[in-house]
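Try each task by eye, then follow the solution step by step.

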Amino acid sequence: MKRTFLLASLLILYFTVLGYGISMAGAPMDQIRETTDKIIAIVTDPALKGEQYKEQRRRLIRQVVDERFDWYEMAKRCLGRHWRKRTEEERAEFINLFEELLERTYLDRVEGYSGEKVLYLAEKVRGRHALVKVKILTKEGTEIPVIYRLKKNGERWMVYDIVIEGVSLVNNYRKQFSSILSRSSFQELLEKIRQKIKDKERQNEGGKGE
Amino acid sequence: MRAEKVSKASLLWLLFTSLLLLVSAPAFSEENNNPDAGLVPSSLDLEQLTELRCGVKKSPEGIGITSSENGASGLGLQRLARKEEDEFEDIPLEPLEFDEEEEIPGIYDPLEPLNRFFFHFNDKLYFWVLKPVSQGYGKVVPKPVRTRVKNFFINLASPIRIVNCLLQGKFESACNELVRTIVNTTVGALGLEDVAREKLDIPPQHEDLGQTLGKLGLGPGIFINWPFFGPSSLRDSVGMLGDYFLDPINYLVPSTKENLAVKGYRTVNKTSLTIGEYEKFKKAALDPYVSMRDAYYQYRREQIKK
């Protein structure tokens, strides 16, 4: 009796773990792939080519990116120990500005898409966190290793850090923010980000030289 | 550059490297009993060379790529994913739970004011001299030619990579690098074509002495931002100096003036192929100096891990 119970519970455990494993397998990678494919589809869409569709194109990309990026988590990690000292309003404003800055940076990058291939190499899931490893292959044959760090939010895996050739975006911004905040106030940091966004706007209007 | 002054230093360096070799050889020999490792190919049969290629043999087009090829390679992907699982060993999932107080590692920078000064110097050098010259050069010389010139210089510097692969006990990589050099110098017309990468799928193994020293447990020391050369560390500067003696350019073109001219040309050619990268980097950064310093630190740490 005792034995059958043990066996049954073992079996149940086995199947739940296995079932869990199967249903979870590939989820973060598939979701990253889905987002990447959507973005590539937008930047390669012949109907959206050209300067007159730039705004529309950018809006569509933003939409896809917003569905996949956890700006709150990213902003929080970038501020590090400075996060706790901020009020809710300050945090909200910071997240907004930071999101704007990163989106513009990201848009600049993807707009330059020229047939690079994305190879999906591996994923690692532990509880609510995951890593997805991809490799970007340029036309010249250069390989750029990229790792996405993700956090599960409901059924969605949300990106909170991108590691390109070993360089973590979050760590890089965190170093910058902590260096700036060691010399200036939080308001000055916000002003700096605002200025950066404005500069970008101006540069984008001026067009980019090859 | 300093070819005349360094004969004494070069002797010292030789002594140092041979010592390093002696020290590292027994440590590495145990884990490297692969019979293929370190074998020089007996003939230049391409088939055999592909056999000699080491590490995970990947088929460049075989893995599910963009939208169109998703479904077809699902199984292959799973298999690959499992095989590559090991690659994550050294990449921690942490920080899983966010720790506000956690200090992320960085590089010590006591020379910051001086480094910042040279950062601005290099910045101006890029925008006022290097960029316009490279752009003008790029307008005259077509891209395929510039790519070949780049390949030539990469191939020429292969002694640096071979020796450092050996010093790090990466005999397979050293062998790959040797195969690359032989194939590219002969079939690839003195290195102008990277046949090894295109046909044999052997990319260059980017190893240098800074990484070798890092592998031996040496930390970066302090951050040094050199005028002209850019970001480096104490360890990597020592490495650069050592690699100087492994770079054939310095023996082929020993006269300081010509040597500088050749290296200047190499830089212009390289820059002409990457115009826009530095600009994008600067646009994304709030403090470009700190961003560069940290990116350098993280990047080198990753390279040494490999």
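**Exercise 1.** Work out how helix 6 (residues 158-167) and helix 7 (residues 171-186) of chain B pack.

*Solution.* Start with the axes: they are 7 Å apart and meet at an angle of about 160 degrees (axes are lines fitted to C-alpha atoms, for helices over the stretch in contact, and angles run from 0 to 180 degrees between N-to-C directions). Helix 6 and helix 7 of chain B are therefore roughly antiparallel (under 35 degrees counts as roughly parallel, over 145 as roughly antiparallel, 65 to 115 as roughly perpendicular and the rest as oblique). Next, pick out the residues in contact, meaning heavy atoms within 4.5 Å. Sort them by class and you get 6 nonpolar, 3 polar and 2 charged residues (Ala, Val, Leu, Ile, Met, Phe, Trp, Tyr, Cys and Pro count as nonpolar, Asp, Glu, Lys and Arg as charged, and the others, Gly among them, as polar).

A quick word on the ground rules: this is a predicted model, where local features need pLDDT of at least 70 and side-chain atom pairs count only at pLDDT 80 or more, while totals for chains, interfaces and linings use all residues. Residues are numbered from 1 along each chain as its sequence is written, chains are lettered from A and ligands numbered from 1 in the order in which they are written, and side-chain values use heavy atoms, with hydrogens and water left out.

**Exercise 2.** Which residues does Ser291(B) contact, leaving aside its neighbours within four places in sequence?

*Solution.* First find Ser291(B) in helix 14 (residues 288-305) of chain B. At 5% relative accessibility, Ser291(B) is buried (buried means under 20% relative accessible area, exposed over 50%, partly exposed in between, with a 1.4 Å probe and protein chains only). Its contacts are Asn172(A), Gln176(A), Phe281(B) and Ala285(B). Now look across to chain A: its helix 6 (residues 169-181) packs with helix 14 of chain B at about 140 degrees, axes 9 Å apart. That makes the pair oblique. Ser291(B) takes part in this contact, as do Asn172(A) and Gln176(A). Tally the classes and you find 2 nonpolar, 6 polar and 2 charged residues.

**Exercise 3.** Asp201(B) and Phe228(B) each have a positive phi. Is Asp201(B) buried or exposed, and is Phe228(B) buried or exposed?

*Solution.* Begin with Asp201(B), in the loop between helix 8 (195-200) and helix 9 (209-215) of chain B. Its phi is near 60 degrees, and at 19% relative accessibility Asp201(B) counts as buried. Then turn to Phe228(B), in the loop between strand 1 (223-226) and strand 2 (230-233) of chain B. Phi of Phe228(B) is near 70 degrees, and with a relative accessible area of 61% Phe228(B) is exposed.

Terms used
Helix = DSSP H or I, 4+ residues; strand = E, 2+ residues; numbered from the N terminus.
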